[in-house]
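This report describes a two-chain assembly from the arrangement of its parts down to individual residues. The sequence and structure are shown first.

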Amino acid sequence: MNRKWRQGNLKGGNGLIGQTRKSLLDLAIITASFFAVLPLFGINRTTDFIIFCIYVLGFNLLYGYMGRLSFGHMLYLGVGAYTITIFAEHISKNPFFALIASICAGALIGVIIGPIVIRTTGACFALINLAFNQVGYFLALVALSRWTGGEDGMSAYFNKIFLFDFGKKSVIFGFCLFSLLLTYFILKKLLSSPYGILIKSIKENEVRVKFLGYDTFRYKWITFVISTAISSFAGALSILNYGYVTPSFIDPTRAVEVIFATLIGGAGSLYGALIGGVAYMAISNYLASYLSRWEMFLGFALLIVVFRFRKGIWGYIQDRFTKQTERMMR
Amino acid sequence: MLNTIAYGLTIGGILYIISIGLSLTFGTMRIVNFAHGFIYTIGAYLLITTLPILRENFILAALATVLAVIPISYVIERFIIRKLYGVSIDYAIIATYAVVLIGVDLIKWIWGASPIPLSDPIGIDVTIFSVTIPLYRLIIIILSFVIFIALTIFFRKTMVGKIVVAALEDKDAVRSLGINVDKYFAYVFIIGSCLAALGGVLYAPITSVHPYMGMTVLLISFAVVLVGGLGNIKGTFVSAFVLGLIMAITGRFWGPAAETMVFIVMGIILIFKPIEA
């Protein structure tokens with residue numbers, strides 16, 4: 001722990017310009033890698049992967065950085081998905097207004113639910129989120145089916161604004177990639193600020209952070225709201241991509257997907273979230289067509305991750321890398 | 001209305017039988033055990049398999065099922081749960097969820113994914129206080145009371161029970177007396193799993209049997225455990241019947257809202273009484 005701190009300080013010592021240059025390099029790497037996998041997966045799937053990565057980034061902020069495992073994060077994805085559809089249906093077909101509306105809706109639900117769930121930790125936090133997700137699923141499926149279309153779902157149509165014709169796959173791909181880079185950049189900035197250090201400290205030991213005089217409740221609440229807003233954004237983007245919404249966007253049984261993606265990539269790092277998102281999507285997209293028992297495979301993979309491979313892919317790469325540099329230093 | 005209450009008591013009885021195991025594992029080991037839902041499901045499926053073998057004798061089939069669950073739950077305890085002691089609670093949730101994924105896929109492999117209906121094994125109605133309910137449901141209610149009394153005696157009178165109750169209070173103190181706490185936790189886990197399987201057996205003739213039946217019941221059981229208090233034997237009993245009644249009464253007025261109402265109640269209770277787990 002101590003050594004990591006010192007390393008972090010050394011890296012941070014480059015000043016603001018060095019930091020910005022480093023995050024620009026990150027953005028370039030992410031863009032390049034998504035363009036590199038583009039011919040492999042095709043444009044539809046890559047767009048899907050990118051959107052899922054945004055969702056994983058939002059979840060990872062809450063789980064990886066602040067140590068709160070939500071077992072009902074589909075609710076926040078679903079809120080975004082349903083908001084953008086209903087907004088396009090009833091208020092305006094401008095996709096940008098609809099996107100902003102769904103981000104606001106995601107933040108709003110975080111503001112409302114936050115004070116209730118954020119006071120709890122561990123299993124309680126996971127299960128309350130699950131309970132809220134169940135309520136949300138019920139609302140979308142049954143209670144509000146007049147507006148949400150119930151089990152059948154509903155389609156969403158958007159107008160063409162300037163060059164942004166979201167009917168074209170290439171436009172959606174570009175826009176989603178831009179959104180991912182923006183989310184990454186904002187999160188990177190946030191996490192390297194004092195706020196980022198504070199939420200990491202809350203994960204390590206909340207009581208001590210309180211002793212230092214910080215109002216941890218407020219920081220946890222803010223983090224929760226950011227996480228729900230990003231998840232909603234991802235939900236809205238997937239509606240932009242698919243063009244229709246179904247209750248599967250808010251189904252609590254799918255909550256495990258994002259947890260698995262975060263774990264396999266490595267919780268608590270932005271690159272880990274991206275790698276996990278792509279890896280999970282690749283597994284679930286391709287494995288399902290080759291292996292009929294793919295759920296069982298997923299179960300065994302989860303067990304292996306939990307018992308043997310807790311740091312995920314990115315954590316493993318980092319470990320190897322630091323070991324190599326240490327050897328070279330010697 | 002009396003009919004609804006009788007129905008609610010049936011649900012409460014089954015919920016109690018399922019949740020008590022969950023509550024004990026939660027209270028003793030601090031593990032959120034999603035695999036409990038899988039045990040419940042496998043109980044129902046084993047009943048379907050054993051019924052024709054034992055010439056449709058329901059009691060014998062139920063007994064065979066409960067006995068068959070012992071090795072299954074032992075394997076889960078030995079290879080998954082035991083490795084999760086003291087580990088962060090998140091990993092416990094994920095690992096036991098992985099068990100559910102594997103188990104559900106296994107069930108789909110062996111028995112197929114389509115729902116299997118089962119008929120009421122007794123099929124006689126009884127009338128008490130001008131309420132007519134199937135005798136089967138009445139037996140479930142009585143059985144849940146019997147199990148409650150038996151467990152209370154078990155925890156008060158037997159050595160194993162006393163050790164578990166003491167460990168619920170302070171695990172380290174019990175361990176410092178030279179008692180191998182983990183061994184007793186394993187007993188508790190297996191007893192709880194057997195009861196979950198019994199719950200699955202009892203509930204199977206009332207609903208249809210399908211691979212995902214454990215998930216909803218498990219979520220409601222979590223609500224029962226959280227409302228009743230972790231590892232609180234009496235609290236679980238009361239909260240199971242209260243939530244069962246809430247489900248039945250809500251279901252009478254608006255069917256699809258029955259399960260959601262349980263979570264709303266749970267949310268309200270947790271707002272006023274958050275649990276440190």
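Two strands are said to pair if DSSP finds at least two bridges between them. In this predicted model, strand E1 (residues 125–128) of chain B and strand E2 (residues 131–134) of chain B meet this criterion, pairing in the antiparallel sense over 4 bridges. Thr127(B) has Thr132(B) as its bridge partner in E2(B). The two strands E1(B) and E2(B) form a hairpin with 2 residues between them. Phe129(B), in the turn of this hairpin, has a positive phi of about 50°.

**Chain B as a whole**

Chain B has 11 helices and 2 strands. Read from the N terminus, its elements follow the order α-α-α-α-β-β-α-α-α-α-α-α-α. The C-alpha atoms of chain B fill a box of roughly 55 × 45 × 35 Å along the principal axes. Of the 277 residues in chain B, 48% are buried. Among contacts in chain B between residues at least 6 apart in sequence, 74% join residues at least 24 apart.

**Confidence in chain A**

The average pLDDT of chain A is 84, and 94% of the residues score at least 70. Within chain A, confidence is lowest in helix H1 (residues 2–12), with a mean of 45, and highest in H11(A), at 92. Over residues 1–14 of chain A, pLDDT stays under 50, and the model has 1 contact beyond four places in sequence for this stretch.

**Core and interface**

The largest nonpolar core has 192 residues. Those with the most contacts inside it come from both chains: Cys53(A), Ile54(A), Leu57(A), Leu127(A), Ile93(B), Ala197(B) and Ala223(B). Helix H3 (residues 43–65) of chain A gives the most to this core, with 14 residues. Leu57(A) touches Thr183(A), Tyr184(A), Leu187(A), Ile230(A), Leu270(A) and Ala273(A), when residues up to four places away in sequence are not counted.

The contact between the chains takes 31 residues from chain A and 33 residues from chain B. On the side of chain A that touches chain B, helix H6 (122–143), helix H12 (255–265) and helix H14 (294–308) each supply at least two residues. H6(A) gives the most to this side, with 12 residues. By class, the side of chain A that touches chain B has 23 nonpolar, 5 polar and 3 charged residues.

**Helix H12 of chain A**

How many residues of H12(A) are buried? The count is 11 of the 11, so the helix is largely enclosed by the rest of the structure. Among the buried residues of H12(A) are Glu257(A), Phe260(A), Thr262(A) and Gly265(A). H12(A) is followed by Gly266(A), whose phi is positive, near 120°.

Gly243(A) is found in the loop between helix H11 (216–242) and strand E2 (244–245) of chain A, whereas Trp221(A) has its place in helix H11 of chain A. A residue is buried if 20 or more other C-beta atoms lie within 10 Å of its own, and exposed if 12 or fewer do. Gly243(A) has 14 such neighbours and therefore counts as partly exposed. Trp221(A) is likewise partly exposed, because 18 other C-beta atoms lie within 10 Å.

Leaving aside neighbours within four places in sequence, Trp221(A) is in contact with Gly114(A), Pro115(A) and Ile118(A). On the same terms, Gly243(A) touches Ser155(A) and Ala156(A). The table sets out a C-alpha separation for each of the two residues.

| Residue pair | Separation in sequence | C-alpha to C-alpha distance |
|---|---|---|
| Gly243(A) and Leu291(A) | 48 residues | 29 Å |
| Trp221(A) and Gly268(A) | 47 residues | 18 Å |

Definitions and conventions: Residues are numbered from 1 along each chain as its sequence is written. Chains are lettered from A and ligands numbered from 1 in the order in which they are written. This is a predicted model: local features need pLDDT of at least 70, side-chain atom pairs count only at pLDDT 80 or more; totals for chains, interfaces and linings use all residues. A nonpolar core is a set of buried Ala, Val, Leu, Ile, Met, Phe, Trp, Tyr and Cys residues joined through C-beta atoms within 7 Å. Two residues are in contact if their C-beta atoms, placed from the backbone, lie within 7 Å. Ala, Val, Leu, Ile, Met, Phe, Trp, Tyr, Cys and Pro count as nonpolar, Asp, Glu, Lys and Arg as charged, and the others, Gly among them, as polar. pLDDT is the predictor's confidence in each residue, from 0 to 100.
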